[in-house]
Amino acid sequence: MRRSTIIGTGFYVPPDVWTNDDMTKLMDTSDEWIQERTGIKQRHIAEDGIGCADLAKFAAEQAIADAGMTNQDIDMIIFATLNPDVFFPGSACILQSKMPFGTIPALDIRQQCTGFIYAVAIADRFIRTGWCDNILVIGAEVHSTGLDFTTRGRDVAVLFGDGAGALVLQANGADGGVLSSFLGADGSGGDLLCIPAGGSREPASHRTVAEGLHYLTMRGREVFRFAVRAMPSATRQVLEQAGLTTADLKLVIPHQANQRIIESSAKALGLPPETVFSNLEWYGNTSAASIPIALCEAVEQGRIQQDDLIVCVGFGAGLTWGATAIRWSVPLPAVMPSRWKKIWQKLRYRYAALRSLVLRFLRWLFALRIKE
Ligand code: COA
């Protein structure tokens with residue numbers, strides 16, 4: 001049976017770290033409040049001018065190298081983000097222009113913090129149906145440019161951070177890999193977590209900016225209540241679909257939003273705390289990037305071994321939620337690219353940059369001719 005297996009992982013966070021004490025210089029808050037209510041100690045923040053595709057590029061390069069591949073082996077890019085580089089074109093296309101992938105399809109997923117789970121489910125379908133062999137799946141966020149770092153926005157701004165995580169999924173006939181996916185959505189809860197203005201219904205204006213309607217707004221307690229129901233339920237459903245139970249689980253990789261949500265979900269599933277991975281204190285909530293970053297760190301720390309059953313589970317705006325059950329089956333294809341393959345890869349990067357320049361120039365020339 002054709003299945004998809006994770007054969008490469010990579011993540012990247014920008015070097016700038018903002019601790020809770022740094023946040024107190026911007027707004028009326030305290031390290032004690034943030035740690036007590038959320039478990040977060042610090043978050044990474046991107047420099048000015050950096051978009052999520054820039055962070056994604058570093059994570060993608062690592063994941064592709066970890067898979068022992070070069071960009072030419074990738075058939076498709078699926079990119080989950082809630083704060084894309086620009087309104088359009090999509091960040092998957094922007095990433096494609098930064099790395100030499102040729103003209104492979106590039107798809108954006110806008111399911112916010114559940115985006116990565118949706119992206120893996122879609123990639124898995126493309127692979128199972130034989131449409132693709134190798135898909136690069138990315139979750140990347142530059143949250144910091146969409147947050148109100150004043151006391152007005154303190155209930156939201158302290159929660160989030162920037163970062164990117166990536167996986168390479170490959171078609172494989174082995175028994176493991178992605179066993180099942182479960183996805184859910186309930187649009188009636190859309191107003192609990194949203195950016196109220198800046199879209200087609202209420203475009204950006206002086207008023208919307210003055211009122212801060214371009215910032216993320218959230219009804220925290222209601223989101224909390226939704227999360228502690230959604231994560232255990234999605235975990236059970238995805239396991240049931242795979243014919244398994246929580247007793248078979250080695251590790252859960254939950255969306256990293258709040259330590260109390262993670263602990264409460266573990267309790268509801270009857271799992272000991274060590275079965276549920278958390279790195280929230282170091283990164284905050286990186287939305288679509290949180291699950292792939294956590295997965296990469298769990299692999300790095302040796303918390304996932306061959307044949308282990310893991311569940312990645314998330315929730316977010318929409319409202320949306322979902323889970324993926326994975327049997328960790330192929331951790332070592334790692335035939336690193338040969339020296340010649342690496343040189344070829346470098347040449348392709350140069351070629352891609354040149355090609356992009358030439359195409360822009362030709363478009364400019366063509367536009368001149370039309371004006372005449
Ligand atoms: N620093 C200090 N005080 C703050 C603060 C901050 N950063 N943010 C809010 N407060 C204040 C509030 O103004 C409120 O003050 P009041 O009692 O005088 O009105 C008080 O703290 C308590 O606020 P409350 O909303 O009741 O806190 P809470 O225990 O529900 O925790 C969250 C707030 C946001 C941490 C919590 O609701 C949460 O994590 N919800 C889920 C959010 C989430 O996961 N979002 C992402 C989904 S993908």
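## Overall architecture

Helices (H or I, at least four residues) and strands (E, at least two) are DSSP runs, numbered from the N terminus. By this definition the protein chain has 12 helices and 13 strands. Its radius of gyration, taken over C-alpha atoms, is 21 Å, close to the 21 Å that the globule rule (2.2 Å times the number of residues to the power 0.38) gives for 372 residues, so the chain is as compact as a globular protein of that length.

This is a predicted model, in which local features need pLDDT of at least 70, side-chain atom pairs count only at pLDDT 80 or more, and totals for chains, interfaces and linings use all residues. Residues are numbered from 1 along each chain as its sequence is written.

A residue is buried if 20 or more other C-beta atoms lie within 10 Å of its own, exposed if 12 or fewer, and partly exposed in between, with C-beta atoms placed from the backbone. Buried residues form 47% of the 372 residues in the protein chain.

In strand S1 (residues 3-12), 10 of the 10 residues are buried, so S1 is largely enclosed by the rest of the structure. S1 pairs with strand S7 (residues 163-172) in the antiparallel sense over 9 bridges; pairing requires that DSSP find at least two bridges between two strands. Within this pair, Arg 3 stands opposite Asn 172 in S7.

## Surroundings of the ligand

The ligand is surrounded by 20 residues, each counted if its C-beta atom, placed from the backbone, lies within 6 Å. The closest are Thr 29, Arg 154, Asp 155, Gly 220 and Ala 257.

Helix H2 (31-38), helix H6 (154-157) and helix H8 (220-241) each supply at least two residues of this shell, and H8 gives the most, with 5 residues.
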